[in-house]
Amino acid sequence: ASSQRSQVLSLCVTEVSCSSGSAPTPRSARVVRMLQFCALGVLLLTGGASSLPRPHFAGGDVQNPAVWRALLGWAVERELVLLTTNEGGLTDAVGTLLQLRAQGVQSTLVHATSSLVCDAVYGVVPDGACVWTSWKPPGIVGEWEADNFRTILFVARKYIVSRLVAEGLGVLQTDTDTVWFVNPFALFNSPSLRPFDVIVQQDGPFANAGVLYVRNGRNGTGAGST
C-alpha cells in the first residue's frame, strides 16, 4: 500500500515554484492544492486505518476540563499532529489532514477558531477531531481584534502545544500549506532523530515556527526541563 500511495502521489507532482522567504505564488498554491486532493484519492484507494482502537471525539473548547480529558483519551498513539485554521483555511486544513491519513497518520487534531469551523471539519471528516479555545493571551480584553487576529491565533496554538506536551504527548505542529510524502512520526522515531526532543526546520538564522515537533515535555524531563 505504501508503494501504491507513493506511485499515485508521484503522478500528481509537477513543479512547485516558491520564492524563498516570500508568500507562495498563485501557481505554487494551485500545485499544493492539487497534491492535497490527490492525497484524498490516495486515501480512498488505499485506506489507512489505525491499528489502535480510537474513541469518538466530539470536540469542544479545550478550556473545558471534560473536553480536555476526552481529547487525551482520543490520542491513543500518544503523539499527534496539530493543524490551526479559520474558515478561510478549511480547504488546506482538511487537505493536509487527508494527506497525513494517506501516509498512515490517524491522530491529526484541528485547532479551529470557533465551533462553527469545527462543525465544518466534522461535516467533511466525521471521524476527525477538532477543538477551539476560549483562552486568550494575557493582556487581550474582549473580542479578538481583526488586525491582530493571526498573531493571537498563532499564540493560541503554541499554548495548546505546550499543554499537550506537558501531558506527555509528542506533538507535531504544522502549517497547512505543506505537502507530506511520508509518515513524519516514522522519521522522528528513527534511530537518527529519536535522541532529540525538539525538532524544527531552519529558517535563516531562526527556527521556523510553522513546523515543529516536541516530545518529552513533562516537567523535569527532556524538553520539559528547558
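# Chat about a predicted model

Me: On to ring pairs. How many aromatic pairs are there?
Reply: The count is five. One of them joins Phe 185 and Phe 188. That pair is edge-to-face, with 6.4 Å centre to centre and 70° between the planes.

Me: Where do Phe 185 and Phe 188 sit in the chain?
Reply: In helix H7, residues 184–188. They are three residues apart, so about one helical turn separates them.

Me: Are those two buried or exposed?
Reply: Phe 185 is buried, and Phe 188 is too.

Me: Which residues do ring pairs link into a cluster?
Reply: Phe 185, Phe 188 and Tyr 213.

Me: Now Gln 201. How far is Gln 201 from Tyr 213 in space?
Reply: 9.6 Å, C-alpha to C-alpha. In sequence they are twelve residues apart.

Me: Which strand holds Gln 201?
Reply: Strand S6, residues 198–203. Gln 201 has a relative accessible area of 38%, so it counts as partly exposed.

Me: What is Gln 201 in contact with?
Reply: Leaving aside neighbours within four places in sequence, Gln 201 contacts Phe 206, Ala 207, Asn 208 and Val 211.

Me: Switching to strand S2. How many of its residues are buried?
Reply: Seven of seven, across residues 79–85. Both faces are covered. Glu 79, Val 81, Leu 83 and Thr 85 are on one side. Leu 80, Leu 82 and Thr 84 are on the other.

Me: In what sense do S2 and S5 pair?
Reply: Parallel, over four bridges. Glu 79 stands opposite Gly 170 in S5.

Me: And how many bridges pair S2 with S3?
Reply: Five, again in the parallel sense. There, Thr 84 has His 111 of S3 as its bridge partner.

Me: Last one, Thr 108 in S3. Why does Thr 108 count as buried?
Reply: Because its relative accessibility is 3%, and buried means under 20%.

Me: What does Thr 108 touch?
Reply: Not counting residues up to four places away in sequence, Thr 108 touches Trp 74, Val 81, Leu 83, Leu 97, Leu 100 and Ala 129. Val 81 and Leu 83 are on one side of S2.

Key
Residues are numbered from 1 along each chain as its sequence is written. This is a predicted model: local features need pLDDT of at least 70, side-chain atom pairs count only at pLDDT 80 or more; totals for chains, interfaces and linings use all residues. Side-chain values use heavy atoms; hydrogens and water are left out. Helices (H or I, at least four residues) and strands (E, at least two) are DSSP runs, numbered from the N terminus. Buried means under 20% relative accessible area, exposed over 50%, partly exposed in between (1.4 Å probe, protein chains only). Contact means heavy atoms within 4.5 Å. Two strands pair if DSSP finds at least two bridges between them. Rings of Phe, Tyr and Trp (its six-membered ring) pair if their centres lie within 6.5 Å; planes under 30 degrees apart count as stacked, over 60 as edge-to-face and the rest as tilted.
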